[in-house]
Amino acid sequence: MRILGLDYGSKTLGVAVSDPFGWTAQGIETINRKDEKNLKSTIARLGDIINEYNIEKIVLGLPKNMNNTSGERVDRTLYFKDRLMREFSIPVDTWDERLSTIGAKRSLLEADLSRKKQSKVIDKMAAVFILQGYLDNLQRN
């Protein structure tokens, strides 16, 4: 079963996909939006990806605060989750993403990427961290 991992931000959506066995996550792309509230083209692109990779489940990063409270970003993310479930009729799980962006930044720094190049792939890498954490948890349980 292939799983789609998403890092939902105000202007970008990082996208990753699992291998067919559900062992590893690979970054696919970053979808950019000019208007956070206009999700039409984002949903259309996700539909293409879901069809191309035969996605059966989506894992959406949930941006809780470090003290485990929920803020405005969590509310927006849960709205996006509901929209995904309505549009695609496949299960959508949320996954704690609190350290995904930090982990992605560390990996990119270790890879010695320039800051300009980092900004182009950080959301995609965060989606990889979200999805890989989810996959690792499935393997343990």
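Predicted model: local features only at pLDDT ≥ 70, side-chain atom pairs only at ≥ 80, totals over all residues.
Q: Is Ser89 buried or exposed?
A: Let's compare its accessibility with the cut-off: a residue counts as exposed when its relative accessible area is over 50%. For Ser89 the relative accessible area is 64%, so this residue is exposed.

Q: How many Å apart are the end C-alpha atoms of helix 2?
A: Helix 2 covers residues 72-88, which is 17 residues. At 1.5 Å a residue, the helix should span 24 Å. The model agrees with that expectation, as the end C-alpha atoms are separated by 24 Å.

Q: What covers the buried residues of helix 2?
A: The buried residues in question are Val74, Thr77, Phe80, Arg83, Leu84 and Phe88. Their cover includes one helix region, helix 1 (40-53), along with several strands. Those strands include strand 1 (2-8), strand 2 (12-18), strand 4 (55-62) and strand 5 (92-96).

Q: Which side chain of opposite charge is nearest to Asp7?
A: Asp7 is found in strand 1 and is buried, yet it has no salt bridge. A salt bridge needs a side-chain nitrogen of Lys or Arg within 4 Å of a carboxyl oxygen. The nearest side chain of opposite charge is 8.1 Å away, and it belongs to Arg73.

Q: Which residues does Asp7 touch, not counting residues up to four places away in sequence?
A: Contact here means heavy atoms within 4.5 Å. With residues up to four places away left out, the contacts of Asp7 are Thr12, Leu13, Gly14, Glu97, Asp123, Ala126, Ala127 and Ile130.

Q: How many aromatic pairs does the structure hold, and why is the pair of Phe21 and Trp23 stacked?
A: The structure holds three aromatic pairs. In one of them, the ring centres of Phe21 and Trp23 are 4.9 Å apart. Phe21 itself counts as exposed, at 59% relative accessibility. The planes of the two rings are at 25°, so the pair is stacked.

Q: What kind of pair do Trp95 and Tyr134 form?
A: A pair of aromatic rings is described by the distance of the centres and the angle of the planes. For Trp95 and Tyr134 the centres are 5.7 Å apart and the planes stand at 90°, so the pair is edge-to-face.

Q: How many residues apart in sequence are the parts that the pair of Trp95 and Tyr134 ties together?
A: Trp95 is partly exposed at 23% relative accessibility, whereas Tyr134 is buried at 7%. Trp95 lies in strand 5 and Tyr134 in helix 4 (residues 115-140), so the separation of the parts they tie together is 39 residues.

Q: In what order do the elements of the protein run from the N terminus on?
A: The protein has four helices and five strands. Read from the N terminus, their order is β-β-β-α-β-α-β-α-α.

Conventions. Residues numbered from 1 in each chain as written. Heavy atoms only, no water. Helix = DSSP H or I, 4+ residues; strand = E, 2+ residues; numbered from the N terminus. Expected span 1.5 Å × (residues − 1). Buried < 20%, exposed > 50% of the residue type's maximum accessible area, 1.4 Å probe, protein only. Lys, Arg positive; Asp, Glu negative; His and termini not counted. Phe/Tyr/Trp six-rings, centres within 6.5 Å; stacked < 30°, edge-to-face > 60°.
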